[in-house]
Amino acid sequence: MTVTTDAPGTLPTPADEARLWALIEAAWAELGTEPLALRQALVERDPAGDHGDDPSYAIDAWLDAFLANLGQLTVELTGQELTDLDRVVERKLYDIDREDIHEVTDGSDDGFLYARGFIVALGRSYYEAVRADPAMALLDAECEGMCYFFAHLHNDRFGSWPETGSGISRESSSNPAGCSA
């Protein structure tokens with residue numbers, strides 16, 4: 001199911017989106033080949049197949065190091081740059097706030113937000129795979145830290161929460177296009 005969102009407000013620019021995905025890839029790349037292989041296996045796996053050797057749980061061990069690397073890669077960014085990246089994450093989370101994805105990931109409203117954070121944190125390839133086929137999402141895989149990562153950095157560095165101007169919310173069940181009537 002393809003869902004388009006036409007929510008009002010400031011949209012991320014293609015350059016900001018490209019920057020987010022590049023930063024995510026760079027943060028993962030610093031961790032070496034093992035997490036790269038695990039992430040690739042998640043993108044290439046058959047969601048209907050046997051998950052005896054499912055790499056989803058192995059990637060959990062790398063999430064904290066990934067987030068630490070992401071923080072280091074953004075240490076020189078301005079408040080506006082962090083706001084721009086937060087706007088992209090907010091939009092990405094909003095766009096996959098869909099009932100068909102929630103059915104696969106399960107969880108409470110917070111759990112579904114964290115599951116969507118996991119989807120974004122794994123990078124563009126995995127994000128696009130889940131958008132195209134919700135069965136590619138994983139049950140109980142979460143990355144809470146990704147959901148407000150750039151907002152927290154902005155607050156820590158500049159003493160205020162960023163104003164994205166998007167007019168949307170990343171919280172679960174806020175995308176009316178993703179919910180069935």
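Guide: Helix α2 and its surroundings

Helix α2 covers residues 33-44, and its 12 residues reach 16 Å from the first C-alpha to the last, close to the 16 Å expected at 1.5 Å a residue. The expected span is 1.5 Å times one less than the number of residues. Helices (H or I, at least four residues) and strands (E, at least two) are DSSP runs, numbered from the N terminus.

This is a predicted model, in which local features need pLDDT of at least 70 and side-chain atom pairs count only at pLDDT 80 or more, while totals for chains, interfaces and linings use all residues. Residues are numbered from 1 along each chain as its sequence is written, and side-chain values use heavy atoms, with hydrogens and water left out.

In α2 the buried residues are P35, L38, R39 and L42. Seen down the helix axis, these residues fall within an arc of 95°, so they line one face of α2; the arc is that of the directions from the helix axis to the C-beta atoms. An α-helix has 3.6 residues a turn, so residues three or four places apart point the same way. On the face of α2 turned away from the buried side are the exposed residues T33 and E44. Buried means under 20% relative accessible area, exposed over 50%, and partly exposed in between (1.4 Å probe, protein chains only).

The cover over the buried residues of α2 includes α1 (14-29), α3 (56-73), α6 (109-121) and α7 (124-132). Contact here means heavy atoms within 4.5 Å.

The largest nonpolar core has 46 residues, and F66, F118, M146 and F150 have the most contacts inside it. Such a core is a set of buried Ala, Val, Leu, Ile, Met, Phe, Trp, Tyr and Cys residues joined through side-chain atoms within 4.5 Å. At least two residues of this core come from each of α1, α2, α3, α4 (79-95), α6, α7, α8 (144-147) and α9 (149-158). Helix α6 gives the most, with 7 residues. Leaving aside neighbours within four places in sequence, F150 is in contact with L20, L70, T74, L82, L85, D86 and V89.

E90 is found in α4 and is buried, with a relative accessible area of 6%. Not counting residues up to four places away in sequence, E90 touches T164, S166, I168 and R170. D110 is in α6 and counts as partly exposed, at 41% relative accessibility. The C-alpha atoms of D110 and S172 are separated by 7.0 Å, although the two are 62 residues apart along the chain.

For the fold as a whole, the protein has 9 helices and 0 strands. Of its 181 residues, 49% are buried. Among contacts with a separation of 6 or more, 79% join residues 24 or more positions apart.

Confidence is given as pLDDT, the predictor's confidence in each residue, from 0 to 100. The protein averages a pLDDT of 87, and 88% of the residues score at least 70. Among the helices, the mean is lowest in α5 (residues 99-105), at 91, and highest in α1, at 97. Over residues 1-7 the pLDDT is below 50, and this stretch has 15 contacts in the model beyond near neighbours in sequence. Where pLDDT is low, the predicted coordinates should not be read in detail.
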